[in-house]
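Dear colleague,

Please find the structure below, handed over for your own work.

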Amino acid sequence: MRFTPAGIEVFEAVLHHRSEVVEAGKVRKLEFDFNAVSYGALARRLNGMEIGAEIQFKGFLAPKSMRTRRLTVHITEFK
C-alpha cells in the first residue's frame with residue numbers, strides 16, 4: 001500500500017485470473033496475470049486480504065498513465 005501526495009491510500013497488485021469460457025462451441029481455458037489498482041477505503045480493505053484469496057470484483061479498464069497505452073484494471077467494488 002502506498003499513499004498519494006494528498007494522503008489517499010493506493011492499492012496496487014498483480015492479480016491472477018483463471019476461468020473457462022465457451023467460444024465457437026469449444027471450451028477455452030483462460031489463465032493470465034493483470035495489473036490492478038484501487039483507492040481509498042476500498043484500497044485499505046483489499047490490502048487487508050490474504051495473498052491467494054479469491055475475489056469477484058467490478059471495475060473498469062484505463063491506461064496506466066497518460067503516457068502509455070498499457071491498461072490497468074481499476075477495482076471499484078469487490079466481494
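A salt bridge is taken here as a side-chain nitrogen of Lys or Arg within 4 Å of a carboxyl oxygen of Asp or Glu. This is a predicted model, in which local features need pLDDT of at least 70 and side-chain atom pairs count only at pLDDT 80 or more, while totals for chains, interfaces and linings use all residues. Residues are numbered from 1 along each chain as its sequence is written, and side-chain values use heavy atoms, with hydrogens and water left out.

Salt bridges

The structure holds 3 salt bridges. In one of them Glu12 is joined to Arg2, with the closest N and O atoms 3.0 Å apart. This pair links distant parts of the chain, Glu12 being in strand E2 and Arg2 in strand E1, 10 residues apart. Helices (H or I, at least four residues) and strands (E, at least two) are DSSP runs, numbered from the N terminus. Glu12 is partly exposed at 46% relative accessible area, and Arg2 is partly exposed at 39%; buried means under 20%, exposed over 50% and partly exposed in between, with a 1.4 Å probe and protein chains only.

A further salt bridge joins the side chains of Glu9 and Arg44 (2.4 Å, N to O). Glu9 lies in strand E2 and Arg44 in helix H1, so this pair ties together parts that are 35 residues apart in sequence. Glu9 is buried, with a relative accessible area of 13%, whereas Arg44 is partly exposed at 44%. Beyond its neighbours within four places in sequence, Glu9 is in contact (heavy atoms within 4.5 Å) with residues including Met1, Phe3, Tyr39 and Ala43.

Glu23 forms a salt bridge with Arg28, the closest N and O atoms being 3.1 Å apart. Glu23 is partly exposed, with a relative accessible area of 43%, and Arg28 is partly exposed at 43%.

Sheet

An open sheet of mixed pairing is formed by 5 strands in the order E1-E2-E3-E5-E4; two strands pair if DSSP finds at least two bridges between them. The edge strands, E1 (2-3) and E4, each pair on one side only. E2 and E3 run antiparallel and are joined by 14 bridges. Arg18 has Glu31 in E3 as its bridge partner. In the loop between E2 and E3 lies Ala24, which has a positive phi of about 55° although it is not a glycine. Ala24 counts as exposed at 79% relative accessibility.

Aromatic pairs and core

A search of the whole structure finds 2 aromatic pairs, where rings of Phe, Tyr and Trp (its six-membered ring) pair if their centres lie within 6.5 Å, and planes under 30 degrees apart count as stacked, over 60 as edge-to-face and the rest as tilted. Phe32 and Phe34 form a tilted pair, at 6.1 Å centre to centre and 55° between the planes. Phe34 and Phe57 also form a tilted pair, at 6.1 Å and 40°. Phe34 lies in strand E3 (residues 26-39) and Phe57 in strand E4 (residues 57-63), so the pair ties together parts that are 23 residues apart in sequence.

Phe34 is buried at 17% and belongs to the largest nonpolar core, which has 10 residues, among them Phe11, Leu46 and Ile75. Such a core is a set of buried Ala, Val, Leu, Ile, Met, Phe, Trp, Tyr and Cys residues joined through side-chain atoms within 4.5 Å.

Yours sincerely
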